[in-house]
Amino acid sequence: MEREGEPESTKVHEGTRDSELLLIAPYARFVSFLLGVKWELRGRELLDELAGRTRKDGTSKSVVFVANHQSTLDALGLMHLWESFHPMAVVIKKEVFYVWPFGLAAYLAGAIYVDRSRGKNAFYSIEASAQRAAQDKIKILLFPEGTRNRSNVSWDGDDLSLKGLLPFKSGAFRAAISSGIPVVPIVFSPYVFIDEKRLLFGQGKAIVKILPEISTTSLTTEDIPALMEKTHKMMTREYELLRKELLSEIPPDHLVIRKKVK
């Protein structure tokens, strides 16, 4: 039964064209090469388990991925590593469709566009997507911060300036609980080779870390705040560790550091 204001259907499996994005992945790797960005995926074994690649019966597992969001580079990283995430549908705001070429890639991947200005309609789209993912044994990905955290791409080299993740919105967690599927956090490391404020973009490494899944079994809507807090703390802790690691590796003659404003 459909609720008032709910979309007639939110197709995930039938509408997902993410196999087509596998054809785009080599181009994403080429773009990464041109930009001088090296992507490192950590936790690949967890993705293989979820996709059924290491399971005896070969069946995949439905989960709600939640990832931090800093830049359009996040989309490039996803495309670059799509073979490991496939099959998956990304739930994003409709405005992203107009940010090409990433908008086109998202469309080809079967992205589910949400109009956040429509209030309950937006929530129903997310919840229906999670329920369909549970039925079809696929994965969906959401960015619970709701917008880009631009403060983390304006690096000034001072650890005291560390800015964590933005507060999470509840949609992804509510959808996971209502569908009875786990939450799996994904952390994109800070892009320490970028200083957006001064329009500096140097070469560098970015790490995408998959964290252990968080079960939603037996949870109710009353547990949403606790689930959000637990996930946020896990991701923030990992984000800070990745930031320290990457800053310790970046060479002193790197463009962003060399031109650091004193």
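Helices (H or I, at least four residues) and strands (E, at least two) are DSSP runs, numbered from the N terminus. This is a predicted model, in which local features need pLDDT of at least 70 and side-chain atom pairs count only at pLDDT 80 or more, whereas totals for chains, interfaces and linings use all residues. Residues are numbered from 1 along each chain as its sequence is written, and side-chain values use heavy atoms, with hydrogens and water left out.

**Figure 1. The loop residue E222.** E222 is located in the loop between β9 (204–210) and α8 (224–249). With a relative accessible area of 71%, E222 is exposed (buried means under 20% relative accessible area, exposed over 50%, partly exposed in between; 1.4 Å probe, protein chains only). R174 is 48 residues from E222 in sequence, and their C-alpha atoms are 9.7 Å apart in space.

**Figure 2. The largest nonpolar core.** A nonpolar core is a set of buried Ala, Val, Leu, Ile, Met, Phe, Trp, Tyr and Cys residues joined through side-chain atoms within 4.5 Å. The largest one has 30 residues, of which W39, F65, F85 and I186 touch the most other members. At least two residues of this core come from each of β1 (37–42), α2 (44–51), β2 (63–67), α3 (73–80), α4 (82–85), β3 (88–93), β6 (183–188) and β9. Helix α3 supplies the largest share, four residues. Leaving aside neighbours within four places in sequence, I186 has contacts (heavy atoms within 4.5 Å) that include F65, F85, L141, V208 and M235. A second, separate core has 29 residues, among them A89, I181, V192 and L211.

Figure 3. A salt bridge is a side-chain nitrogen of Lys or Arg within 4 Å of a carboxyl oxygen of Asp or Glu; the structure holds seven. E245 and R42 meet through their side chains in one of these, at 2.6 Å from N to O. This pair links distant parts of the chain, with E245 in helix α8 and R42 in strand β1, 203 residues apart. E245 counts as partly exposed, at 23% relative accessibility. In the salt bridge between E249 and K205, the closest N and O atoms are 3.2 Å apart. Because E249 lies in helix α8 and K205 in strand β9, this pair ties together parts that are 44 residues apart in sequence. Both partners are partly exposed, E249 with a relative accessible area of 43% and K205 with 24%.

Figure 4. The side chains of K233 and E229 form a salt bridge, 3.2 Å from N to O. Both residues lie in helix α8, four residues apart, about one turn of the helix. E229 is partly exposed, its relative accessible area being 45%. Elsewhere, salt bridges that share partners join E40, R42, K205, E245 and E249 into one network.

**Figure 5. Confidence along the chain.** The mean pLDDT (the predictor's confidence in each residue, from 0 to 100) of the protein is 77, and 68% of its residues reach 70 or more. Confidence is lowest in helix α5 (residues 102–108), at a mean of 63, and highest in β6, at 96. Residues 1–16 have a pLDDT below 50, and this stretch has 37 contacts in the model beyond near neighbours in sequence.
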